[in-house]
Amino acid sequence: MYALITGPLLWLTFAVFFGGLAWRVYTYIKGLDWKLDRVAYATQREAGIRGALRSIAAWIVPFGSQGWRVKPIFTILFFCFHIGLVVVPIFLAGHAVIFKMRFGIGWPTIPMALADALTIIMIGAGVGILIRRVALPEVRIVTSLYDYLLLVITVAPFVTGFMAVHQIGADYEFWLLAHVLTGEIMLLAVPFTKLFHVVGFFLSRGQLGMDYGIKRGGLKGSPMAW
Amino acid sequence: MPEGKLCNRTPVNTQEDLETLLADKGGKQYYAEMLELDVDKAKLATSLKNTCKSRIRTWLEICAHCGLCADSCFLYLCNNRDPKQVPAYKIQSTLGEIVKRNGDVDNEFMRHAMEVSWSQCTCCNRCGQYCPYGIDMGVMFSYTRGLLYSQGFVPWELKIGSGMHRVFKAQMNVTDEDWTETCEWMAEEAQDEWPGLEIPIDKENADVMYTVNAREPKHYPEDISEAAVLFHVAGENWTVPSSGWEQTSLSLFAGDWEACKMQVEHVYSAIERLNPKCAVGTECGHAHRATVIEGPYWAGRTDGLPPKPYLHYTEWLAQALRTGKIKIDPAKKIKQLVTLQDSCNYIRNYGLKEITREILSYIVEPGYFVEMSPNKEHNYCCGGGGGFNGVGMFRPQRNRALMVKRDQILATGAKLVIAPCHNCWDAIRDLEEEFKIGIKWSFLKPLIIHMMIVPEHLKPQEEEE
Ligand code: HEM
Ligand code: HEM
Ligand code: SF4
Ligand code: SF4
Ligand code: SF4
């Protein structure tokens, strides 16, 4: 069982994850239409790229945009959630070692204590985001089961991974199995759900940045103050 | 009933049809017929296939349902934070459903979508600034309006408005003859006070070709003479086209893309015919949006730019003041608290925020200009944008929508609001009528005329007679 899910299933998962995201990027860019979108992507490329980078930069930095600044609590929850989400899986020693063993490629890893801290913070932020979803009427109205499900799918590998490492509830084998499975479920969900924002964030933000950079004022030399 | 006599999927293309529609006061029969109008589902599915591409589909799908856009929408704020006014909810429950069901929606759904698209969104694009993914509900509602229009679900006034563009190449029944006559009449009237003033029609190779909002010849001809006076004083080599002078586009509000294209191409052909160095448009927001920002794309111009540089009136004016072509009498500068309405159409969506402020720096005594909060590209819509001002059926909603601007103005303490946009100007006038907060509102032209220094040689010489 363990051999299966850390062997063929894992490779399948990665193939779907990366293949799916590549497909997302490809179809998105292919579906951009300068005439329908009313953005001269090709002929004003330089202004477009500048606009796209400004737009992404403003939103990827905590409190970098007006939108983040007017929602400080959510902004903190959001970045705590996402920093853990991105850093832990990639830089965890226990993860890197798998790649080292299989492919011989290695990269720097973070200390276990930091991984623990980021994991706990991430789970805490996830709970905060969940509470916010339930509590605020303006969020509740746009929330459906789908959003709760994806939140659970995203947090699950962190909970199970943490349990496994700290051997809480005795059975390391069980938690590890649960962890790898939930991890794979998450990776599989990404290309097919709103989680494709892993790449979609950059595409969509970039597109609106190009819109502003090219058409909506960028060429006038007074760029949007995101 | 598949299609009504007045309410149907066919655009208004003839003067007779236009008059029949106009004769139906308030759209009584029109809206009665709408209750029975069938949805052409196959056509809707085809439209989606041809026009709903990755940008919009991704926006709909990627939405995190985080609700961050809620507070950004002035309609959410002024409707007691009704969750039904959250931008993401508004678009997901209308366009989102249409896309999900691939056009398989019924009459009742379409009427609801019409109400949301024209009374719960002014296409001010503010929400797009506050969404982490840059999901722009204003863009999507404009797109939704296009779908609804093509199915005949459009407010009566806007069906008429886009019909006007199709028939008269203007948003109102102003013909080219009416226009040139008004120009001649205005020039004549102004000549008493301004000897030598002209409104040159169809002059080729001028420095400036001036275009207007059809409301000006129809209802506010003094706006044209004010523009003429300012060009005269600035010594500008200018002209107006005898045809292609109308810069606005109610078809933009209606979602009638075919009429949008016809209208803007008409203006561009005047530019090509007269070959001016640049074009300048009047103090109007959506007119600028239609001819300068979106227009190039409707006309299929790959560089996304009009055929010649096309300035908003504020850009021309700022330049005239900066270079001293028009000089302000320091004694006449505004010395009362004054605030400025940033029009979404050319501030948020065209980046002219510093230009309007530069003008104010020349005409307002330091310390008397008070910014609204928020301002510049983050300003709220006046409350009447996107056609909202003109739709009788949604008047109560529109009046409510004015409350945000009212409170913004009240917070500045200013009694004078400068509104260099026809739509904003109207909304602020209505706001005063509705709430009586004791303010005055003005375009820039009349203010400048009152405070500029008139060079000696331009003054009437009557004393010598
Ligand atoms: C992208 C999804 C994944 C996430 C978010 C994730 C996260 C985590 C976390 C948070 C821990 C515990 C670290 C700590 O508390 O210090 C962990 C441990 C672990 N994860 Fe994952 N993981 C993911 C996917 C996977 C996958 C697909 C595998 C299987 C190959 C895997 C294998 C492991 C192992 C073996 C450990 C234990 C490390 C140790 O004992 O030191 N993870 N993971
Ligand atoms: C490992 C990949 C990622 C996963 C699984 C993930 C997961 C999530 C989840 C579950 C939410 C919804 C939060 C809620 O319920 O309110 C969310 C929101 C969001 N994520 Fe990610 N995320 C990932 C990576 C990224 C990356 C790389 C970015 C870009 C920097 C990003 C940007 C966003 C944004 C902009 C939102 C929406 C707004 C919000 O809820 O604050 N995410 N993400
Ligand atoms: S802010 Fe953007 S992602 Fe969040 S609910 Fe609104 S539209 Fe969706
Ligand atoms: S475009 Fe403006 S009016 Fe429309 S939903 Fe967005 S913020 Fe509200
Ligand atoms: S009328 Fe003025 S403020 Fe209102 S939407 Fe139009 S440009 Fe914006």
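Chain A and chain B bury about 4500 Å² between them, with 58% of that on carbon and sulfur atoms. Keep in mind throughout that this is a predicted model. The contact draws 54 residues from chain A and 54 residues from chain B. On the chain A side, Arg38(A), Arg216(A) and Lys220(A) supply 14% of the area that chain A buries against chain B, more than any other three residues.

Next, the metal. Which protein residues donate to the iron atom of ligand 1? They are His95(A) and His179(A), each through NE2, and they lie 1.9 to 2.0 Å from the iron. The pair ties together parts that are 84 residues apart in sequence, because His95(A) sits in helix H7 of chain A, residues 93-103, and His179(A) in helix H11 of chain A, residues 172-192.

Now the core. As a general point, nonpolar side chains in soluble globular proteins tend to be buried together. Here the largest nonpolar core has 204 residues. Ile199(B), Trp316(B), Ile326(B) and Ile363(B) have the most contacts inside that core. Helix H9 of chain B, residues 137-150, gives the most to it, with 8 residues. Apart from this core lies another, of 8 residues, and among them are Tyr41(A), Ala47(A), Met210(A) and Tyr297(B).

Take Ile363(B) as one example. Setting aside residues up to four places away in sequence, Ile363(B) touches Ile328(B), Lys333(B), Ile334(B), Ile418(B), Leu444(B), Ile448(B) and Met451(B).

Of its 8 residues, 6 are buried, so helix H23 of chain B is largely enclosed by the rest of the structure. The buried ones are Leu444(B), Lys445(B), Pro446(B), Leu447(B), Ile448(B) and Met451(B).

On to the cysteines. How many disulfides does the structure hold over all chains? The count is 0. Two cases show the sulfur distances. The sulfur of Cys381(B) has its closest cysteine sulfur in Cys382(B), at 4.1 Å, which is too far for a bond. For Cys421(B), the closest cysteine sulfur is in Cys424(B), at 3.2 Å, again too far for a bond. Cys381(B) is buried, at a relative accessible area of 2%, and Cys421(B) is also buried, at 2%.

Last, one residue of chain B. Gln15(B) is placed in helix H1 of chain B, residues 15-23. Is Gln15(B) buried or partly exposed? Gln15(B) has a relative accessible area of 37%, so it counts as partly exposed. Beyond its neighbours within four places in sequence, Gln15(B) is in contact with Val167(B) and Phe168(B). Ile62(B) is 47 residues from Gln15(B) along the chain, and their C-alpha atoms are separated by 45 Å.

That is the end of my part.

Technical notes: Residues are numbered from 1 along each chain as its sequence is written. Chains are lettered from A and ligands numbered from 1 in the order in which they are written. This is a predicted model: local features need pLDDT of at least 70, side-chain atom pairs count only at pLDDT 80 or more; totals for chains, interfaces and linings use all residues. Side-chain values use heavy atoms; hydrogens and water are left out. Donors are N, O and S atoms within 2.8 Å of the metal (3.2 Å for Na, K and Ca); water is not among the atoms, so sites may look incomplete. Helices (H or I, at least four residues) and strands (E, at least two) are DSSP runs, numbered from the N terminus. A nonpolar core is a set of buried Ala, Val, Leu, Ile, Met, Phe, Trp, Tyr and Cys residues joined through side-chain atoms within 4.5 Å. Buried means under 20% relative accessible area, exposed over 50%, partly exposed in between (1.4 Å probe, protein chains only). Contact means heavy atoms within 4.5 Å. A disulfide is a pair of cysteine sulfur atoms within 2.5 Å. Buried area is the accessible area (1.4 Å probe) that two parts lose on being put together, summed over both.
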